[in-house]
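These are my notebook entries on one structure. I set down what I looked up, entry by entry.

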Amino acid sequence: MVPVRRNPLLLSVLAVALAAAASGCVRIPDSGPVQPAESGAVAPGEQGQVSVPRGPQTGETPTDLVAHFFEAMAASPMSTTVAREFLTKRAQDGWSPEDGFLTYDEKETSESPEGSGPVTVVLTGVNRFDSRGVWVGTPPGGRLEVDLDVDRQSGEWRIAALPDKLMVSDIWFEAQTVPMSLYFFDPSASILVPEPVFVPKGNQTAALLVRGLLEGAKDPDVERSFVPEGTTLNLGVTVTEAGRADISLTGDLLDELDPDTVDLMATQVAWTLRQVPTITSLRITHDGQPLALPGGVTDITVDHGASYDPTGVSARGVLYGLSAGVAVRVIDGAAEPLVGPFGSPTVGGLRSVSVDLSDSRIAGVSQDGTGVSMSTVTRADGAPPRSVVSQGVDILPPAWDAEDRLWVVDRRAGGAVVSVVRGSRIRAVSVPGISGERVIDFMVSRDGTRLVAALRGPANDRIVVSRVYDAGPGGMVTATAARPVVQSAGERLKIRGLGWQSATRVYYLKALAGRQSELRSAIVDGSPTRFDPESVSSIFTDVTRIVSSPRTDEPAYLHSTDGSYEEILVGSPRLPADLNALGYIG
């Protein structure tokens, strides 16, 4: 077995070098000094390679002009200064590449005769990203035809009409961006919800992340923002030598904010900016005056709002599982039976257990997979567990979220039935694309907004995600249609299990020939793995399931067929053998 080994220094350098320009509106520099150079000239720079493309040349044909325009869009560090020189004056004024990115694997430009019409560029392997750097998918077949109108200006061809996107190659995008997250709140404002974005390289990282927050929550059913509507950022964000980010905001509604709301807004900003390694604190001002939290606090550390951690704050590093049919708690590699009904062999017959995020309640699935019962983690009064599901068929290990909901997936002959237990009530939830499917494994994010499932297919398996939220009277749970996270790309895909790599990344085990499996990972929004420097690919033998947590500081393991647990990351505590159904809270 080959454990995954990460280089912390390399990851730190990548985070610094690749953090910077599109999680908010992609404010791409379009002015400033540019030194002429041969096309494609590169030189080492503080943040990676520097590439200064050449501008339009005298006598270029429309086809050559367009080809060189695409080269100019790949300037490094990111800039549209030279790219705009290829446009007519009117097109320069109207072009808004900050509306997002189009990335492509290959590009083919038509040989358009001079003056015969637009130059058509055929892009294949296309991915779309919006103004904040959020991946929004691919066009049908991954193919897109882009028509660029050309016109004469002062005797030379110039581009007169084009999409409001920056169009760059996959290679460029992979080198120039890093995945980060914007942080919003769940509808009840009890926990943060991370939204993955891709941030281009540059020195405006903090400003661009803040602008992304100012755009607000895109799906108010799933998440909410406490940044007032209409708030804008004055210029950029200044980061002092001491690491404080000074954020100057403008907006009429800022005058109406009470300290508690400022506290929630500051929590969003702090969690978003803490991803920038050089920032240790922040100060938010309005019309030159600092906005104060309760108690008059104006200087805010990036650790602010720890109680809203989207990965949970209880029982860190604690595992729960079964040993000889008895529920056990595992701390620092040592297992001890629970005090209560699930810690007694007289209850027995358990298939799996799951503990809520407050580390107070435990749910157990019966050995035959037909029932779920619930009790407190520690209970000395001898009271039996309460039955919450009694007529199941093949119930997977359940999952808890921050709303104290217990998610239950029952694999029946007609497909999976998804249910939610809250208090004394259990209700079926229709999850389009998951309900009725053959579910291999599933997870629910601790913030309660994402349901991830691995599905068995006739030829290939796939991983999908649905966004979930409360709607209607009585807290009815609603789910969006599931969208792909991982699917076959021309290779046989058989999935053995799921796990969390972080709050926005999932592990999955891909079955290989014989007894081998490949541990892989993917961003939960389904964006291409090749753009993620923290993606994982490692081969293991005789492993069956993943034991992991969305907290990146907690050890992760693979359960082997011999009953032992193999560490995924070198240095994790060894676990006792012969434990099964092991898992973290949630």
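I take helices (H or I, at least four residues) and strands (E, at least two) as DSSP runs, numbered from the N terminus. I note that this is a predicted model, in which local features need pLDDT of at least 70, side-chain atom pairs count only at pLDDT 80 or more, and totals for chains, interfaces and linings use all residues. Residues are numbered from 1 along each chain as its sequence is written, and side-chain values use heavy atoms, with hydrogens and water left out.

**Entry 1. The chain as a whole**

I find 6 helices and 41 strands in the chain. I call a residue buried at under 20% relative accessible area, exposed at over 50%, and partly exposed in between (1.4 Å probe, protein chains only). By this cut-off, 54% of the 586 residues are buried. I count a contact when heavy atoms are within 4.5 Å. Of the contacts between residues at least 6 apart in sequence, 57% join residues at least 24 apart.

I looked up where Ser 154 sits: the loop between β8 (143–153) and β9 (156–161). Ser 154 is not a glycine, yet its phi is positive, about 55°. Ser 154 is exposed, at a relative accessible area of 79%.

I then turned to Ala 324, in the loop between β18 (319–323) and β19 (326–331). Ala 324 also has a positive phi of about 55° without being a glycine, and its relative accessible area of 77% makes it exposed. I recall that most residues other than glycine have a negative phi, and most peptide bonds are trans.

**Entry 2. Pro 77**

I note a cis peptide bond from Ser 76 to Pro 77, with omega near 0°. Pro 77 belongs to the loop between α2 (62–73) and α3 (89–94).

**Entry 3. Helix α5**

How many residues of α5 are buried? I find 10 of its 10 buried, so the helix is mostly covered. Among them are Thr 205, Arg 211 and Gly 212. The cover over these buried residues includes β11 (177–185), β12 (192–200), β13 (232–239), β14 (244–250) and α6. After α5 comes Gly 216, with a positive phi near 85°.

**Entry 4. α5 against α6**

I describe two packed helices by the angle between their axes and the distance between the axes. Axes are lines fitted to C-alpha atoms, for helices over the stretch in contact, and angles run from 0 to 180 degrees between N-to-C directions. Helix α5 (residues 205–214) packs on helix α6 (residues 259–273) at about 140°, with the axes 10 Å apart. That angle makes α5 oblique to α6; under 35 degrees would count as roughly parallel, over 145 as roughly antiparallel, 65 to 115 as roughly perpendicular, and the rest is oblique.

From α5, Ala 206, Leu 209, Val 210 and Leu 213 meet Gln 268, Val 269, Thr 272 and Leu 273 of α6.

**Entry 5. Arg 574**

I place Arg 574 in the loop between β40 (565–567) and β41 (580–584). Arg 574 is exposed, with a relative accessible area of 55%. Leaving out residues up to four places away in sequence, I find that Arg 574 touches Gly 333, Tyr 565 and Glu 567.
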